[in-house]
Amino acid sequence: MLKVALVDDHKLFRKSLAALIGTFEGVEVVYESDSGNDFLLHLKENKNVDIALLDIQMPEMDGYTLCGKVLKVHDSIKVLMISQLSSKETIRHVMQSGAHGFVTKNSEPEQLELAIRNLDTSGFYLGPELGSVLKDLMLYQQGGNEFQPDKDFLSDREKEVIQLICKGKSSAEIAEELFIHQRTVETHRQRMITKVGAKNFIGVIVFALKHNLLDVEDLS
């Protein structure tokens, strides 16, 4: 059972979202709150959350700040940011926060379910407009030490793994398709995150596109 936490200061929206997520097969809401600080206290004593849905605009602590604190306490949690905003500035902040995905509050229920399942299987979710969102991320991504990697910076196998992850394949499915062990897929994933200096796998994708190691068309 996939365990989800909700943090949003609008009670009616939060309760409605919890009810909706409760209809998703194999998914249950195990925690909900209007307070980021309360959620952090919960995580210090409970490791029962797989995915956290965080509202961006909250009075006590915004979702960006909360995301960073959550990942420090429990770095295996996948964070999905939710907001009424969908501007380039919002996307840039989502990227910098280390979040694994982003959906707007006017998304269809099916899109939310897809986002939750993709976070579980692929480790990230960027929505249906993948190409345009990634271009926004490339435009705004900031890096400390800029360098131009050569075309072999990512191996052919690593590029294959990126492409399959972007197609929504789980590690088990990728392993089966590439005739390798599932643990090898996870090793490739973590090695690429370390290699490019990213916070999560979204950063790997942005890096590959930004430096022309892959094309957007390769990821669809």
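This is a predicted model: local features need pLDDT of at least 70, side-chain atom pairs count only at pLDDT 80 or more; totals for chains, interfaces and linings use all residues.
**Helix α10 and its ends**

- The buried residues of α10 are F201, I202, G203, V204, I205, V206, F207, A208 and L209.
- At the N-terminal end, α10 is capped by N200, which places a side-chain oxygen 3.0 Å from the backbone nitrogen of I202.
- Past the other end, just after α10, N212 adopts a positive phi of about 60°.

**The sheet**

- Strands of a sheet pair through backbone hydrogen bonds, in either a parallel or an antiparallel way.
- Here, 5 strands make an open sheet with parallel pairing, and their order is β2-β1-β3-β4-β5.
- The edges are held by β2 (27–33) and β5 (101–104); each has a single partner strand, so one side of each is left without a neighbour in the sheet.
- From one strand to the next, the twist averages 25°.
- Strands β3 (residues 51–55) and β4 (residues 78–83) run parallel and are joined by 5 bridges.
- Helix α3 (residues 63–73) lies across β1 (2–7), β3 and β4, and runs at about 170° to β4.

**Where α7 meets α9**

- Two packed helices are described by the angle between their axes and the distance between the axes.
- For helix α7 (residues 156–166) and helix α9 (residues 182–196), the axes come within 10 Å and cross at roughly 100°.
- Because angles of 65 to 115 degrees count as roughly perpendicular, α7 is described as roughly perpendicular to α9.
- On the α7 side, the contact is made by R157, E158, V161, I162 and I165, while α9 brings V185, H188, R189, R191, M192 and K195.
- By type, the residues of this contact of α7 with α9 divide into 5 nonpolar, 1 polar and 5 charged.
- S155 sits in the loop between α6 (130–140) and α7, and with 32% relative accessibility S155 counts as partly exposed.
- Although S155 and M192 are 37 residues apart along the chain, their C-alpha atoms are separated by 10.0 Å.

**Helix α4**

- In helix α4 (residues 88–97), the buried residues are T90, I91, R92, V94, M95 and S97.
- Just after α4 comes G98, with a positive phi of about 95°.

Key:
Residues are numbered from 1 along each chain as its sequence is written. Side-chain values use heavy atoms; hydrogens and water are left out. Axes are lines fitted to C-alpha atoms, for helices over the stretch in contact, and angles run from 0 to 180 degrees between N-to-C directions. Helices (H or I, at least four residues) and strands (E, at least two) are DSSP runs, numbered from the N terminus. Angles under 35 degrees count as roughly parallel, over 145 as roughly antiparallel, 65 to 115 as roughly perpendicular and the rest as oblique. Contact means heavy atoms within 4.5 Å. Ala, Val, Leu, Ile, Met, Phe, Trp, Tyr, Cys and Pro count as nonpolar, Asp, Glu, Lys and Arg as charged, and the others, Gly among them, as polar. Buried means under 20% relative accessible area, exposed over 50%, partly exposed in between (1.4 Å probe, protein chains only). A polar contact is a pair of N or O atoms within 3.5 Å; within protein, one must be able to donate a hydrogen and the other to accept it, and residues adjacent in sequence count only if both atoms are side-chain atoms. Two strands pair if DSSP finds at least two bridges between them.
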